[in-house]
Amino acid sequence: MPSAIHNITFDCADPYPLASWWSEVVNRPIQPEDEPGDPEAMIHFDNGPTLLFIRVPEGKSSKNRIHLDLRPDDTRDAEVERLLAHGASLVSDQRRPDGTGWVVLSDPEGNEFCVERSAAEKAATA
């Protein structure tokens, strides 16, 4: 019998602020029982795994071995601008002249993630 993914876990220095940041990114609330200073914080989705933020003593030291790929409701470029204004950092711009590609950003603790084209953008070039 196969396993289901329950959590996607972020190791971090301070779980609540990072969960708050991601809460704004994905437009989902942090669990009401989670508070600043707690060793973990969670964001639940109606369907799919929970984002779990856990305090660890060591800082990030190299490239992520796993990351999230975000598909925005709006355009990729609008989402990139929104996230940069929200405190993300640009890691690598992989957009191509034909409109394909993605953008690699990092959250305030340096965890990389990608922003892909929206479903409408992909459908328009199919």
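**Sheets and helices in the predicted model**

Helix α1, formed by residues 15–26, lies across β1, β2 and β3, and its direction makes an angle of about 10° with β2. The model is a predicted one. The strands that α1 lies across form an open three-stranded sheet. A second open sheet has four strands, and helix α2 lies across β4, β5, β6 and β7. The two helices α1 and α2 pack with their axes 11 Å apart.

**The three-stranded sheet**

- The strand order is β1-β3-β2, and the pairing within this sheet is mixed.
- At the edges stand β1, covering residues 7–12, and β2, covering residues 40–43; each of these strands pairs on one side only.
- From one strand to the next, the twist averages 20°.
- Strand β3, made up of residues 50–55, runs antiparallel to β2 and is joined to β2 by four bridges.
- Within that pairing, E40 has I54 of β3 as its bridge partner.

**The four-stranded sheet**

- This sheet is open and has mixed pairing, with its strands in the order β4-β7-β6-β5.
- Because β4 and β5 (89–93) each have a single partner strand, one side of each is left without a neighbour in the sheet; these two strands stand at the edges.
- The twist here averages 30° from one strand to the next.
- Strand β4 (residues 68–70) pairs with β7 in the parallel sense, through three bridges.
- Strand β6 (residues 103–106) pairs with β7 in the antiparallel sense, through four bridges.
- F113 of β7 takes part in both pairings: F113 is the bridge partner of L68 and also the bridge partner of L105.
- Five residues separate β6 and β7, which form a hairpin. In the turn of this hairpin, G110 has a positive phi of about 90°.
- Strand β7 (residues 112–115) is covered on both faces. E112 and C114 are buried on one side, while F113 and V115 are buried on the other.

**Helix packing**

- Helix α2 comprises residues 76–85, and α1 packs against α2 at an angle of about 155°.
- An angle over 145 degrees counts as roughly antiparallel, which means that α1 is roughly antiparallel to α2.
- The two helices α1 and α2 make a right-handed crossing.
- On the α1 side the contact is made by W21, E24 and V25, and on the α2 side by E79, R82 and L83.
- Sorted by class, the residues in the contact of α1 with α2 are three nonpolar and three charged, with no polar residue.

- N27 lies in the loop between α1 and β2.
- Exposed means over 50% relative accessible area; N27 therefore counts as exposed, at 69% relative accessibility.
- N27 and G87 are 60 residues apart in sequence, and their C-alpha atoms are 15 Å apart in space.

Conventions
Residues are numbered from 1 along each chain as its sequence is written. This is a predicted model: local features need pLDDT of at least 70, side-chain atom pairs count only at pLDDT 80 or more; totals for chains, interfaces and linings use all residues. Side-chain values use heavy atoms; hydrogens and water are left out. Two strands pair if DSSP finds at least two bridges between them. Axes are lines fitted to C-alpha atoms, for helices over the stretch in contact, and angles run from 0 to 180 degrees between N-to-C directions. Contact means heavy atoms within 4.5 Å. Buried means under 20% relative accessible area, exposed over 50%, partly exposed in between (1.4 Å probe, protein chains only). Angles under 35 degrees count as roughly parallel, over 145 as roughly antiparallel, 65 to 115 as roughly perpendicular and the rest as oblique. A crossing is left-handed if the near helix is turned anticlockwise from the far one by less than a right angle, and right-handed if clockwise. Ala, Val, Leu, Ile, Met, Phe, Trp, Tyr, Cys and Pro count as nonpolar, Asp, Glu, Lys and Arg as charged, and the others, Gly among them, as polar.
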